[in-house]
Amino acid sequence: MKKIIFFAGLFACSIVASAQNTALKVKVAQKAISLESKVISWRRDFHQNPELSNREFKTAEKIATHLRSLGIEVQTGVAKTGVVGILKGGKPGPVVALRADMDALPVKERVNIPFASKAMGEYNGQEVGVMHACGHDSHVAMLMGTAEILAAIKSDLKGTVKFIFQPAEEGAPEGEEGGAALMVKEGVLENPKVDVIFGLHISAQTEVGKITYRPKGAMASSDWFIIKIKGKQSHGASPWQSVDPIVTASQIILGLQTIVSRNVDLTESAAVVSVGKVTAGVRSNIIPEELEMAGTIRTLDKKVQEMIHKRVTEITTNIAESAGATAEIKITKQTLITYNDPTLTEKMVPTLEAAAGKENVILTAAATGAEDFSYYQDKIPGLFFFLGGMPKGKNTADTASHHTPDFYIDEGGFVLGMKAMCNLTLDYMNMNASK
Ligand code: NI
């Protein structure tokens, strides 16, 4: 009998909790709509005043001022220009991190909009146009809006929210550290210890109102390799006196092409091995002594990544040896696999469906592009999804891709973006609240 009362009590509690959660979501939806024009004007300001990776000084200042105005505890200068806000809810519970990246790109804007960027900057010693050509301006604006919404319902929050405004997602300038890797290194996932992280990316090729996602490997890891072949120089007219690094490298390049076609189980996950640069020789009648090539490896699965690294080394070393040449191979990890924890993804997709409408949440193919959100997911479970930013009725084929001068974002999806981030926070807290 006691047991029955206990379970009935628990059941009643969970009904009350879910009713409270539903009421909070109604507030979130109303507040997101009322904040829309404010968020759009923030985004336009960031768009007109873009800053390159590790140089997001003014952007950081505006974010910090806004968070402080909401009574959120603020840390600045995290991983150079990053801003971290901590919002402690009125009730105990997990720590949920929400992340937005802040940096723009060395691209000269060509879009005819009143708030187009005319900014110039310096990138690796070159004078360049600067543009938010990946939409990070919209991420910052939406997360500022999300912070305002969650701060307004602070007393009802069952846990703590950590707002992570991250610099240098596109990669730090040469010789500098930066991005998510540096934030993690500086302890952004500690004090308080973060339990879960959510992030979104606007997509110029997904219609406004839609959300796309993929469990497990959603975006690829990016590794760079440099291979140096050392042979023996000779006159081009007497190649038998040489160990020709150009012919050797040609065989190696073809050998590398067999890794994806013959070693990767493509029914399980995709992979890419591309050589993008080959440098050797000075004139037509000299066989050079050395050759250098550089390329990229993209994978969606850690085991496949390890296997490819091993095969690149084996194939290169053995082909070089068979030619009498020597090979030096250096593989560096640039960005890890953006890996959406499958259990977390399964639990949270209904939240996205409730925010966008079931038919608007679409399981998508993996992307071979990389995202440094992966560095957080390497430490804790996380979910990264895409938010539609393409005008309704437009064709993907007619839309400029990210990182190009014609990149364009429809702002109509911002309310959904804020709702999605807030509701993921609320639902996660509700599922994992301290009993
Ligand atoms: Ni991006």
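Let's start at H201, which is buried at 6% relative accessibility; buried here means under 20% relative accessible area, exposed over 50%, and partly exposed in between, with a 1.4 Å probe and protein chains only. Keep in mind that this is a predicted model, where local features need pLDDT of at least 70, side-chain atom pairs count only at pLDDT 80 or more, and totals for chains, interfaces and linings use all residues. Residues are numbered from 1 along each chain as its sequence is written, and side-chain values use heavy atoms, with hydrogens and water left out.

C134 sits in the loop between β5 (126-129) and α3 (136-152), while H201 is in strand β7 (residues 196-207), 67 residues apart. Helices (H or I, at least four residues) and strands (E, at least two) are DSSP runs, numbered from the N terminus. C134 is buried too, at 8% relative accessible area.

Now for the hairpin. β1 (residues 73-78) and β2 (residues 82-88) run antiparallel over five bridges; strands pair if DSSP finds at least two bridges between them. T76 stands opposite V83 in β2. Three residues separate the two strands, and A79 in the turn has a positive phi of about 50 degrees.
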